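Dear colleague,

I am handing over the structure below. My notes on what was found in it follow; please read them with the model open.

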Amino acid sequence: MTDTLPEPCDLLIEAGWVVPVEPHGVVLEGHAVAVRDGAILAVLPAADAAARYAPREHVRKPHSVLLPGLVNAHVHNPMTLLRGVADDLPLMVWLREHIWPIEGKVLGPAFVADGIELAIAEMVRGGTTCCNENYFFPDAAAATYARHGFRAVVGLPVIDFPTPWAASQDEYFAKALEVHDGIRADALVTSAFVPHAPYTVADSAFERIRVLADQLDIPVHLHVHETAQEVEDALARHGSREIARLDRLGLYNDRLIAVHMTQLTDAEIALTAERGVSVVHCPESNLKLASGFCPVEKLRRAGVNLALGTDGAASNNDLDMIGEMRTAALLAKAVAGDAAALDAASVLRMATLGGARAMGLDDRIGSIEPGKRADLVLVDMDPIEMQPLYHVVSQLVYASGRGQVSDVWIDGRRHLRDRACEGIDVGAVGARAREWAERIGAMRGGRTEAA
């Protein structure tokens, strides 16, 4: 009788701890994850894995935690090129007097591609492997994400006024369908409708989106109830709050990814749970723009699927999902008046499986389970700032930083090795970002501070 030969695999990662996210709150010590053809084969004790598999690459990190890749569920990634251009201003002043005028002069495929490349480098170095993009020129965005092998849901924009992307409602929809059809075969890049916000999109456009989203089986990604002023304006314009309007139009359903949601009544929270709407919390952007506080713990207790996003780097000012987890957890406790609100395991779930579920990708990513795609992240827990280490997930959320992310894989392909990006020229990306800064600074009369 002969011994069974080890099974070949592409990658075997042994970590001190594996946090699969599903089951919730579980930490597996001394485990390994086997990967083949971009998919997770097995999660098992390291000793068993060594006997069972013959890996092409064997990674051993006994002082690291292995996580599912972080999912940034709301970004405007080309706006990395506007990072810090107009800080310390309220939302509508920031948008109308600074961001929109600049975008009107620079918006185009090159701006989008260069901004997204900068964002990809930043996200990979922080452990983010998937994002939910909301910006113009989705054709350029999709091509950039695909070229770099980064997982993304690319938004198909709809807004009531002309932009460099489209001049009319009909053109927005025609181009949306063209982009959607162009990426249907892509394994990593998918699409969603991104009407900007209820206050910039007419009922007629929302009605078309509802029909097309159902036909194409894609999500709708929308800013909702971001500020108190937005709600007051909606009452004056429509005689109802925006959530009631969206519900009347048939859009308040399980396809909707509702971003911000800082102004909610208890009845709206109950309706959100009943309709299966996912909510994306962007705590640092909301804090910086003084937009309000999302009642995350009330939503969680009501059974709403919660996700986490950074928003754009122009209003955050980073794409740091590890930092965002800490802010979200701390802020939720203050808002709820309860130190037990939004515990560490729950906020990690928001940043992984919750985001994947909101985006319709939870069958592929968001947790470390056999059959799912290998979007994986190693975080070094050995630095002196991490000692002593009692509870891995709590330490990850409350004490770690994105600088501890050492290795990243997307769909089984390595994107970060010992903190060094693979497949992207970080020096060239930075040089292009500085060129954009010079151009935009000159356009604003050399100003480097908000006027």
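**Loops and backbone**

Ala290 sits in the loop between α10 (283-288) and α11 (296-302); helices (H or I, at least four residues) and strands (E, at least two) are DSSP runs, numbered from the N terminus. Residues are numbered from 1 along each chain as its sequence is written. This is a predicted model, in which local features need pLDDT of at least 70, side-chain atom pairs count only at pLDDT 80 or more, and totals for chains, interfaces and linings use all residues; side-chain values use heavy atoms, with hydrogens and water left out.

Ala290 has a positive phi, near 50°, in a residue other than glycine. With 68% relative accessibility, Ala290 counts as exposed. Here buried means under 20% relative accessible area, exposed over 50%, and partly exposed in between (1.4 Å probe, protein chains only).

His225 is not a glycine either, and has a positive phi of about 45°. His225 lies in the loop between β9 (220-224) and α7 (228-238). Is His225 buried or exposed? His225 counts as buried, because its relative accessibility is 0%.

Two cis peptide bonds are worth a look. One joins Asn316 and Asn317, with omega about 20°; Asn317 is in the loop between β12 (306-308) and α12. Another joins Gln387 and Pro388, with omega about -10°, and Pro388 belongs to the loop between β13 (376-380) and α14 (392-399).

Thr128 is in strand β6 (residues 128-133). Its relative accessibility is 0%, so Thr128 counts as buried. Which residues does Thr128 contact, leaving aside its neighbours within four places in sequence? They are Leu70, Asn72, Met123, Phe150, Leu319 and Met321, where contact means heavy atoms within 4.5 Å.

**The chain as a whole**

The chain has 15 helices and 16 strands. Its radius of gyration is 22 Å, close to the 22 Å that the globule rule gives for 451 residues, so the chain is as compact as a globular protein of that length. That radius is taken over C-alpha atoms, and the rule is 2.2 Å times the number of residues to the power 0.38. Along the principal axes, the C-alpha atoms fill a box of roughly 80 × 50 × 45 Å.

Of the 451 residues, 59% count as buried. The chain exposes about 17,200 Å², and carbon and sulfur atoms supply 52% of that area; accessible areas come from the Shrake-Rupley method with a 1.4 Å probe, and for residues only the protein chains shown count as cover. Among contacts with a separation of 6 or more, 72% come from residues 24 or more positions apart.

The unreviewed UniProt entry annotates residues 65-413 as "domain: Amidohydrolase-related". UniProt positions are given in the numbering used here, feature names are shortened, and annotations may be inferred rather than shown by experiment. The span of residues 65-413 is 44% helix and 17% strand, and its end C-alpha atoms lie 19 Å apart.

Regards
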